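Please look over the structure shown here before reading on.

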Amino acid sequence: MSNTPSPRRRPPALKTLDHTVAAAPLLQGRVLLHENALNIPRSRHALDDDLSGVVMTGAKADERAFQLRTTAGYNGTLLIDSAPYTTYTATADQPFMVPPDELFASVDDSLAFQKARGASAALTPTGYISPANSRALKAVMREANRIERADTLVSLPIDVTWLNRENIGQLIAVCAKIRHPKAIMLFRQFDPLEQTKDIPANLRRLFAEVEHMSLLRTDLAALDVMAHGALCAGIGVQSSLRHAIPPGEKPQRGKRGGGPTYPNVLMPQLMCFKGAESLASLYANADPATCDCEECDGRGLDRFFLPDGETRQEADNHTVLTWSDWVSEMAGHPAGIQRKTWWRDKCAAAVDRYALENQRIGQGASPRSAFQAPPPLKAWATLPITP
Ligand SMILES: [Zn+2]
């Protein structure tokens, strides 16, 4: 498919779905890719039309989504997430952001506007739901249940503390009362799933107990919830799109701020994301891990330590191809106990590979500087499976 817009021909008129077309069947079983609307929209060959789709997010997400549909000719599943939760906090009186812009006079208009721009289903413009703010959470439920449309996905951008032992019961109760499909997004600096030990288990519980739940803007947690019965999920193409931070907070950097940024790379054997800079240094004196995906074709994974756009695109393609492969593999296992067992065994096998890889590259004696299995991966590898 060509991504080059033709200067002479007008883009074809956009066919849109009206509000009577239900969201759930369109999204069922998909792992979507969150794309930042800053980038020129293009179709990604790595995405499988039957199992994936795109969430266009960020400023001008609607405009970029429209271009993706028209100029780039994308026909797959598409959501538009204008990310109001990055600047707006939900309150008991106004859980949804209704900007002063005339186009968004009401929530219904905001939903209809997304559809007119080519979205397959519409996301509510919910504000960030801060820790233990039960009144705001209940207000989302109340207002969401007034929406008379079949195409709506109620977005729930919650602080990760909602998944703690003290709050999970209330979160489940409220979600169960929302009569539309729901989309959870987790807020916290760094990896929300690493905040406390019981979060991966409680996230699974939420997805097991409530129907039509999805998890957007995440990382491999997308696959964990899919294995455990989620409606759909979404993985961010960049690390900033794999979680969100509360309005008013600045993203904190690991060791140092500023300077060029390098891609984060999904490691196929170890099932973790690793920065290109650390990969280049870990593999400085050893043969790098290689990858057989279409993009890498057997080349080493230490090659992304460059700040240019082409390298980033190559790294992104590698990452999308890698997890897409896992999504297809998962789809080959019947939902339920078989799929859950497959996923647990896959995570356990990855955890077991860390020691070997560290030995191979001569990092065995200093585990702190070596590869370390992320705590959520260890949880997915060991949590008990329920039928
Ligand atoms: Zn690759």
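What follows is a description of the metal site and of the aromatic rings.

The model described here is predicted. Its zinc ion is coordinated by the SG atoms of Cys 291, Cys 293 and Cys 296 together with the ND1 atom of His 318, at 2.1 to 2.3 Å. Along the chain, the donors of the zinc ion follow the spacing C-x1-C-x2-C-x21-H.

Turning to the aromatic rings, a search of the whole structure finds six aromatic pairs. In one of them, the rings of Trp 343 and Trp 380 have their centres 5.9 Å apart, and the pair is tilted because the planes lie at 40°. This pair links distant parts of the chain, since the two residues are 37 residues apart, with Trp 343 in helix α10 and Trp 380 in helix α11. The table sets out the accessibility of both residues.

| Residue | Relative accessible area | Class |
|---|---|---|
| Trp 343 | 0% | buried |
| Trp 380 | 4% | buried |

Elsewhere, ring pairs link Tyr 85, Tyr 128 and Phe 187 into a cluster. A ring also takes part in a contact with a charge, for the charged end of Arg 117 sits over the ring of Phe 66, at 4.9 Å from the centre of that ring.

Key. Residues numbered from 1 in each chain as written. Predicted model: local features only at pLDDT ≥ 70, side-chain atom pairs only at ≥ 80, totals over all residues. Heavy atoms only, no water. Donors = N, O, S within 2.8 Å, 3.2 Å for Na, K, Ca; no water. Phe/Tyr/Trp six-rings, centres within 6.5 Å; stacked < 30°, edge-to-face > 60°. Helix = DSSP H or I, 4+ residues; strand = E, 2+ residues; numbered from the N terminus. Buried < 20%, exposed > 50% of the residue type's maximum accessible area, 1.4 Å probe, protein only. Lys NZ or Arg CZ within 6 Å of the ring centre and 35° of its normal.
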